[in-house]
Amino acid sequence: MSSEIARVAVIGAGQMGAGIAEVCARAGLDVLVCEQDTRAVEAGRARIQHSLDRAVRAGKLDRAEAGRASRRLRFGTDLGELSDRQLVIEAVLEDEQVKTELFATMDKVVEDPAAILASNTSAIPIMRLGMATGRAGQVLGLHFFNPAPVLPLVEVVGSLLTTPSTVDRMERFATDVLGKQTIRAGDRAGFVVNKLLVPYLLSAIRMVESGFATAADVDRGMELGTAHPMGPLRLSDLIGLDTVAAIAESLYAEFKEPLYTPPPLLLRMVDAGLLGKKSGRGFHVHGGK
Ligand SMILES: CC(=O)CC(=O)SCCNC(=O)CCNC(=O)[C@H](O)C(C)(C)COP(=O)(O)OP(=O)(O)OC[C@H]1O[C@@H](n2cnc3c(N)ncnc32)[C@H](O)[C@@H]1OP(=O)(O)O
Ligand SMILES: NC(=O)C1=CN([C@@H]2O[C@H](COP(=O)(O)OP(=O)(O)OC[C@H]3O[C@@H](n4cnc5c(N)ncnc54)[C@H](OP(=O)(O)O)[C@@H]3O)[C@@H](O)[C@H]2O)C=CC1
């Protein structure tokens with residue numbers, strides 16, 4: 001059944017939306033990428049091209065196949081173009097109001113009543129997104145990991161109202177079509193991975209905030225001492241400090257446990273526009289965005 005999905009859309013072409021769109025195009029799907037304006041479209045297009053070129057340089061992707069993947073991507077700014085899509089994956093910023101408004105619009109615009117609406121949210125309960133639509137049975141979380149073309153996992157999250165056939169179908173789609181590996185997670189803020197990962201990132205930020213250790217030493221400690229590919233401050237910078245703060249807010253709102261509260265240093269860095277890799281500076285300075 002999963003092979004029936006040929007026409008997908010990805011909304012948002014930031015670091016995750018671009019990565020998910022690339023994964024879908026490389027899997028042979030017809031991909032529409034929607035962004036807010038032409039500036040964001042061009043930034044998203046460049047992000048995907050850069051990543052495809054990188055895969056070609058690394059010998060992971062044939063140049064001709066990269067060209068075919070590029071040609072499977074179409075970009076636009078008009079959500080009306082979603083009308084013929086069979087699956088829409090939302091990957092805009094981690095803001096519940098923005099996402100619920102978008103789900104309501106997607107529901108109106110996508111014509112096929114059997115089409116599936118998915119969110120790449122890091123932590124927002126799927127039920128809230130489903131309830132913004134008239135098809136909560138076909139709304140679920142498809143949570144990719146950064147960088148999406150590289151990391152194999154997709155968390156599949158059904159809400160209380162998502163039909164079991166939707167969850168089964170999307171699990172097969174993620175494995176058989178996209179070549180990912182899946183786990184199922186319950187519909188609680190943060191699902192499985194972020195509920196474990198984010199308190200660790202917040203603890204590392206608290207260590208830096210208190211002067212207990214420097215960001216460089218915390219990162220070196222975890223990289224050299226536990227073989228993590230990147231330490232928690234560098235990883236927070238990769239994710240985006242605005243996104244880390246938003247995930248912490250969702251976790252705290254759901255569980256009311258102090259370990260989920262965003263440290264003031266994190267909030268001040270977000271206020272200052274020090275968002276990590278995407279803004280050029282966070283806990284570390286980054287050469288490229
Ligand atoms: C917040 C959420 O909701 C959920 C999340 O995503 S949590 C964050 C999860 N992500 C992580 O934990 C990332 C941890 N870090 C890593 O896995 C690695 O450091 C990394 C893959 C990002 C980079 O790996 P590295 O070995 O340091 O660098 P590098 O050698 O440049 O890259 C390794 C490979 O990834 C590829 N790669 C790295 N960044 C990439 C990107 N942004 N896009 C595409 N490909 C990328 C490289 O091309 C390279 O491919 P080859 O092995 O085929 O050459
Ligand atoms: N970063 C990560 O490691 C991971 C993030 N996620 C989740 O993926 C989603 C996207 O995150 P990420 O790609 O990192 O974020 P980015 O900041 O890289 O991209 C966010 C995207 O949302 C767009 N956007 C901003 N405001 C609006 C709006 N009002 N309406 C529509 N689109 C808007 C942005 O466009 P513009 O450029 O014009 O502002 C941009 O394309 C979030 O839900 C996040 O939690 C999931 C897994 C990992």
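**Entry 1: ligand 2.** I began with the contacts of ligand 2, where a backbone N or O atom of Gly-14 lies 3.2 Å from an oxygen atom of the ligand. I call this a polar contact, meaning a pair of N or O atoms within 3.5 Å; within protein, one must be able to donate a hydrogen and the other to accept it, and residues adjacent in sequence count only if both atoms are side-chain atoms. A polar backbone atom of Gln-15 is 3.0 Å from an oxygen atom of ligand 2. The side chain of Lys-278 has an N or O atom 2.8 Å from an oxygen atom of ligand 2. Taken alone, ligand 2 exposes 900 Å², and the protein buries 81% of that (areas by the Shrake-Rupley method with a 1.4 Å probe; for residues, only the protein chains shown count as cover).

Helix H1 (15–26), H2, helix H4 (96–109) and strand S6 (139–144) each give two or more residues to the shell around ligand 2. Helices (H or I, at least four residues) and strands (E, at least two) are DSSP runs, numbered from the N terminus. I found 23 residues surrounding ligand 2, with Glu-35, Glu-94, Lys-99, Ser-122 and Ile-239 the closest; a residue is near if one of its heavy atoms lies within 4 Å.

**A note on the model.** This is a predicted model, in which local features need pLDDT of at least 70 and side-chain atom pairs count only at pLDDT 80 or more, while totals for chains, interfaces and linings use all residues. Residues are numbered from 1 along each chain as its sequence is written, chains are lettered from A and ligands numbered from 1 in the order in which they are written, and side-chain values use heavy atoms, with hydrogens and water left out.

**Entry 2: ligand 1.** Which residues come nearest to ligand 1? Of the 18 around it, they are Lys-60, Ser-122, His-143, Asn-146 and Asn-194. I looked at Ser-122, whose side chain has an N or O atom 2.7 Å from an oxygen atom of ligand 1. For the His-143 side chain, an N or O atom is 2.7 Å from an oxygen atom of the ligand. Asn-146 uses a backbone N or O atom, which lies 2.7 Å from a nitrogen atom of ligand 1. Alone, ligand 1 exposes 1000 Å², of which the protein buries 66%. Helix H2 (38–57), H7 and H9 each supply at least two residues of this shell.

Entry 3: Pro-147 sits in the loop between S6 and strand S7 (153–158).

**Entry 4: helix H10.** I checked the length of H10 (residues 241–255): at 1.5 Å a residue, its 15 residues should span 21 Å, and the end C-alpha atoms are 21 Å apart, which agrees. The expected span is 1.5 Å times one less than the number of residues. Its buried residues include Leu-241, Val-244, Ile-247 and Leu-251; buried means under 20% relative accessible area, exposed over 50%, and partly exposed in between (1.4 Å probe, protein chains only). Helices H7 (193–210), H9 (232–239) and H11 (264–271) are among what covers them, by contact (heavy atoms within 4.5 Å).

Entry 5: Just after H10, Lys-256 takes a positive phi of about 55°, although it is not a glycine. Is Lys-256 buried or exposed? Lys-256 counts as exposed because its relative accessible area is 54%. Ala-227, in the loop between helix H8 (215–226) and H9, has a positive phi near 60°. Ala-227 is exposed too, at 66% relative accessibility.
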